[in-house]
Amino acid sequence: MNIDLDFSLMIPELILAGAAVLVLLLDAFLVPPGPSQDEGDPRDITLAVSVLGMAIAAIWTITVLWADGTSRVSFGGLFVVDAFALFFKEVVLIGAGLSLLLSDAWLRHHRVPSAAPHCLMLLATAGMLYMISAGDLVMLFLGLEVMSIPIYCLAASLRWDDRSIEAGIKYLVLGSFATALMLFGMALIYAFQGFEGGVATMSIAAIQETIVLHDGPLPGYAFAGGLLMLIGMLFKISAAPFHMWTPDVYEGSPTPVTAYMSVAVKATAAAVILRVFGGPVLEAMGLEGLLWGVAALTMIVGNVMALTQDNVKRMLAYSSIAHGGYILVGVLAASPDGQAGVLYYTLAYTVGNIAAFGVLVHLSRQGHEVETFDQLRGLGTRFPLVGLVMTIAMLSLIGIPPFAGFFAKFAIFKAAIGSGFVGLTILALLTSAISVAYYLRPLVAMFMTEEIGAPAPRPELQPRLALAVAIAVIATVVLGVMPDRYLDWAAASVIALAW
Amino acid sequence: MIPIEQLLALAFVLLGIGACGVLVRRNLLVVLMSIELMLNATNLAFVSIARALGDTAGHVMVLMIFVVAAVEVAVGMAIVVNMFRQRDSISVDSFGTMKG
């Protein structure tokens with residue numbers, strides 16, 4: 001058998017994996033053990049390697065691979081590179097790169113004695129890119145695990161912190177549980193493909209064809225298989241009722257890791273749901289009604305529970321659940337408009353969320369974690385720039401017009417109405433209205449209340465963190481002021497998914 | 001030859017036992033063992049389906065699952081050992097520092 005191996009398609013992934021190995025070696029041989037120093041630290045080298053790796057991978061994706069324009073399949077159908085995959089890879093690389101810059105400031109503040117988090121983030125990002133490009137269930141599974149296992153480690157990376165340990169264990173146990181269920185679903189789908197489709201293969205495209213061409217409802221085992229696979233994916237995008245882990249894991253993990261999980265993992269899961277269940281597949285599997293219920297429940301649970309939180313990270317965790325619900329509305333719409341809306345939504349959500357978490361990282365020190373609304377009191381008046389960043393991030397997450405979030409929600413809701421999901425769209429609008437209440441709470445605390453007790457020390461400005469936040473804020477504004485270009489880009493990307 | 005229905009039924013029962021173990025047991029080591037049981041149930045399903053179909057892809061998948069399961073347990077054990085050092089307990093009941 002002759003399999004073509006076109007490694008040039010995989011260059012971004014290979015760069016990330018290579019950078020991860022290099023970071024480990026540099027950390028072992030160059031960096032003296034002990035907590036990081038502020039100036040002239042050899043750890044700067046490992047950060048530079050990580051960020052450069054991400055940047056080169058992102059630039060390569062956009063210039064070389066995107067410019068080529070055609071959909072290509074290699075490695076015997078395992079690896080698919082098309083416009084759809086490249087868009088999501090770009091979103092994931094932006095989210096991961098900005099989280100990496102945030103993590104540097106955080107590692108310094110908390111005197112973490114190793115560059116391992118950088119290495120783990122590079123590896124997890126490589127796993128995400130493989131997962132986005134998966135053309136086969138084997139590759140999908142391997143990408144999922146290459147993504148998940150480093151993130152379990154990242155969540156538990158504060159070894160002396162009770163909450164971090166708890167977050168790591170909860171994520172590991174529930175994540176592996178969901179993976180095992182998804183694998184069983186894959187086995188059943190593989191059986192369906194082998195018995196009904198004529199050719200025994202795990203190729204996603206072939207399986208989709210068999211499902212769509214199948215007459216009448218699917219046999220029970222195939223339905224169960226599709227259901228289990230969908231549950232595994234819904235777990236990763238943290239849709240209700242599979243969201244239980246999200247608030248605890250987001251609260252307990254180190255803040256930059258939370259930012260990373262909330263943007264990159266969600267975008268990856270959205271990409272996989274769109275690729276595997278997109279177009280007519282969901283309906284042919286008989287799962288459309290189920291996903292409708294999950295989307296509705298996710299929007300309600302996320303938005304309502306976010307109202308009752310006192311911890312900003314926990315509030316952002318429920319907000320991320322709610323945004324997962326809006327993404328599912330776009331998936332349900334199943335039209336090119338809806339899919340393009342999902343792509344644009346992940347991009348808008350990524351930059352807005354990174355800005356919000358950037359503010360928290362900027363204000364936090366070891367022994368002085370800024371996490372509750374009370375700790376934000378008065379800070380917007382004292383540090384107007386910090387307040388401005390938080391305002392832009394929150395307004396974008398609500399979906400107020402001049403910022404990216406508005407056009408993201410607009411695109412998805414428009415597509416959902418176009419596909420006849422009027423009830424679901426009304427529910428989405430109502431829950432968005434609820435979300436105003438909790439997104440304004442940090443702003444009220446920052447601008448309209450006085451600080452309690454002794455004023456918090458002025459946080460020193462970390463140039464790398466400032467760079468990440470500046471990129472995120474500028475992107476939020478640019479995506480909102482000039483959305484056409486990026487919406488067109490998203491629309492051009494989903495043509496690759498066309499049926 | 002054992003028919004595939006029986007093999008799949010056995011795999012499904014094993015998956016169910018593993019799932020119950022994850023949800024019910026309080027000791028984290030037993031929880032990790034239950035996850036292993038679930039992964040091995042999927043292995044059984046994959047090999048039996050692959051044999052019935054006369055295809056190799058399912059066998060390859062099982063090898064991949066072996067590797068990933070080992071990695072997952074290694075990471076899980078590391079976190080559990082660290083938790084024991086920190087809290088002198090590996091019970092799920094000692095959780096609950098975060099609420100809401």
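A salt bridge is a side-chain nitrogen of Lys or Arg within 4 Å of a carboxyl oxygen of Asp or Glu. In this predicted model, where local features need pLDDT of at least 70, side-chain atom pairs count only at pLDDT 80 or more, and totals for chains, interfaces and linings use all residues, the side chains of A:Glu166 and B:Arg87 form such a bridge, with 3.5 Å from N to O. Residues are numbered from 1 along each chain as its sequence is written, chains are lettered from A in the order in which they are written, and side-chain values use heavy atoms, with hydrogens and water left out.

Across the interface of chain A and chain B the rule finds two salt bridges. On the side of chain A that touches chain B, helices H5 (137-155), H6 (162-196), H9 (245-252) and H13 (312-333) of chain A each supply at least two residues, helices being DSSP runs of H or I with at least four residues, numbered from the N terminus. H6(A) gives the most to this side, with 22 residues.

The contact, meaning heavy atoms within 4.5 Å, takes 42 residues from chain A and 43 residues from chain B. The area buried between the two chains, which is the accessible area (1.4 Å probe) that two parts lose on being put together, summed over both, is about 3,700 Å², and carbon and sulfur atoms give 80% of that area.

The C-alpha atoms of A:Ile132 and A:Leu183, 51 residues apart along the chain, are separated by 17 Å.
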